[in-house]
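Please take a moment to look over the sequence and the 3D structure together, and then read on with both in view.

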Amino acid sequence: MGVPVVEAVGVTKRFGATVALREAGITVEAGESHALVGRNGAGKSTLVSLLTGLQQPDAGSIRFAGEPAPAVGDTAAWRGKVACVYQRSTVVPDLTVAENLFLNRQSVNRQSSNRQGGSALRPIRWRALRARAAELLAEYGVDVDPGARIARLTVEQRQFVEIARALSFGARFIVLDEPTAKLDARGIERLFAKLRELQAQGVAFLFISHHLQEVYDLCTRVTVFRDARHILTAPVAELGHDALVEAMTGESGAPAPAGTVGMVRAGRSDAGRGAALLEVDGLTLPGSFADVSLTVCAGEVVGLAGATASGCVQLGETVAGLHRPRGGRIAVGGRGLRPGDIPAALSAGVGFVPEDRHLQGLVANRSVAENATLTVTDQLGPYGTVLPARTRAFARRMIDDLDIRTPDAVTPVAALSGGNQQKVVVARALATEPRVLVAIRPTNGVDVKSKEFLLGRFRRHADEGHAALIVSDELDDLRGCDRVVAMFHGRVAAEFPAGWSDDQVVAAMEGLTTSEQHETKERSAHGGHD
Ligand SMILES: Nc1ncnc2c1ncn2[C@@H]1O[C@H](COP(=O)(O)OP(=O)(O)OP(=O)(O)O)[C@@H](O)[C@H]1O
């Protein structure tokens, strides 16, 4: 192998009393897709912040192609070495693709697009800018209109624009931090195809994901971090799933592999179901879904599956009062719910885990305790007061209950790792002991072990006599459900009792089957799964 594109050696990083990285390191070769995995809080994002020049290590060294890393703050120099595509956009949503591609490059007349420069006073020539953007996108095979506003692009298109932007600055090393979190199955396929193509051209990737199957599908080598330390680096082909999970957790006896085909749950029989706690009847939200009906009973965990355009996320949000439907009815515990009213949904007993914890979930500079108890302030003191001691005690119970890794209850949530922030959002939704929990992609960013834990927690919630609706396109989230309702293009496409196979649910999410077809299949394959 030649000189690595990036090499971090003996890197240590502390945040106050927390040691986020302890003499850790990684080496990525040209044209390699290198996975970085580890449990929530293992130090992955911290390494990324050091490799992208956002923060400086307390000790250790970072080199790019054998050269020492640029000084922290020399943005232009870092841009030529590395870029990171985050789950959240780093491009400006109100600007066009072309404007974003050339942001901070004042002139497009210059020969080299790799350097920032030119006179700041030189007027921007829009037509030239758009033409140059079209050229650049074509160079990297990105099929996006340069005149389109970023806000109108899909997550996938936005990521392609960010990758093209990074490459145009000369970077040949790109960090992808959970890039598939907001993509559906087809989006992931297209992203991986593009990454493989770029990899063949010598571009190297550091790929961070909690979906271990993706690591096997895309990457050549994998590095495992645990508790701030480097544990191992190995070719993925030489490390089986159990060994990988064992390295991540430090425990032998790994959980069942994610993506296990045919894994089934016994399922709750109709006879064992309690009263209907959530009833959705003929619900319509123009542009998202139409005439959707479904019921979730006490004691049940129901999965609502669908790809990005299926409307399933909007349906969950409508139940939680985020959208006002045009027609139909929602009832909780037999009582009609006032549409489009978040406080009304909350007081009727709907607990909600939103899709985006950053936008809808957390107050970043407030403590874990304050965030986790936002929904239950009425229980924290007399006459509308909030007693800090009671807040902390309540929060401590939730921290234990959901296994949230935090130094203490008063730590700001911004100081928690992404997966642990997600657990705070779930804790907050469960704090009210809601009759109906609506959770949208609730295991987003959560590590394999914690995923099992959260899903088990939802089951316990149902077992305590409540109902849960899990909105997700991830089969791992759906496997433990009593029933799965699949949506396609705004309508219910099929419903599956426990015992479904991955292929059936995936086909229904892709619009390849209808309920009738499914029932026919069920009849012909009667007894095949139970
Ligand atoms: N700005 C910060 N202030 C204080 N502590 C921090 C800060 N950033 C990270 N930490 C701590 O450093 C440790 C490592 O966090 P990091 O975000 O790197 O984990 P991670 O492996 O990326 O986790 P996840 O999979 O949940 O995203 C955690 O204990 C976290 O709480």
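Predicted model: local features only at pLDDT ≥ 70, side-chain atom pairs only at ≥ 80, totals over all residues.

Residues are numbered from 1 along each chain as its sequence is written.

The protein chain contains 18 helices and 20 strands, where helices (H or I, at least four residues) and strands (E, at least two) are DSSP runs numbered from the N terminus. Of its 530 residues, 48% are buried; a residue is called buried if 20 or more other C-beta atoms lie within 10 Å of its own, exposed if 12 or fewer, and partly exposed in between, with C-beta atoms placed from the backbone. Among the contacts in the chain with a separation of 6 or more, 67% join residues 24 or more positions apart, a contact being two residues whose C-beta atoms, placed from the backbone, lie within 7 Å.

The chain is divided into domain 1 (1-82 + 171-255), domain 2 (92-154 + 165-170), domain 3 (262-349 + 434-530) and domain 4 (363-431), with bounds that come from an automatic or database domain assignment. The centres of domain 1 and domain 3, taken over C-alpha atoms, are separated by 35 Å, and the contact between these two domains takes 11 residues from domain 1 and 12 residues from domain 3.

Where does the ligand lie? Domain 1 and domain 4 both give residues to the shell around the ligand, so it lies between them. The ligand is surrounded by 18 residues, of which the closest are Phe15, Asn40, Ser45, Ser417 and Gly419; a residue counts as near if its C-beta atom, placed from the backbone, lies within 6 Å of the molecule. The elements that give two or more residues to this shell are β2 (18-28), α1 (44-51) and α14 (418-431).

Helix α14 deserves a further look. Because 14 of its 14 residues are buried, α14 is largely enclosed by the rest of the structure. Its end C-alpha atoms are 20 Å apart, which agrees with the 20 Å that its 14 residues should span at 1.5 Å a residue, the expected span being 1.5 Å times one less than the number of residues. After α14 comes glutamate 433, whose phi is positive, near 50 degrees.

Threonine 154, finally, is found in the loop between α4 (126-139) and α5 (155-168), and threonine 154 is partly exposed because 15 other C-beta atoms lie within 10 Å.
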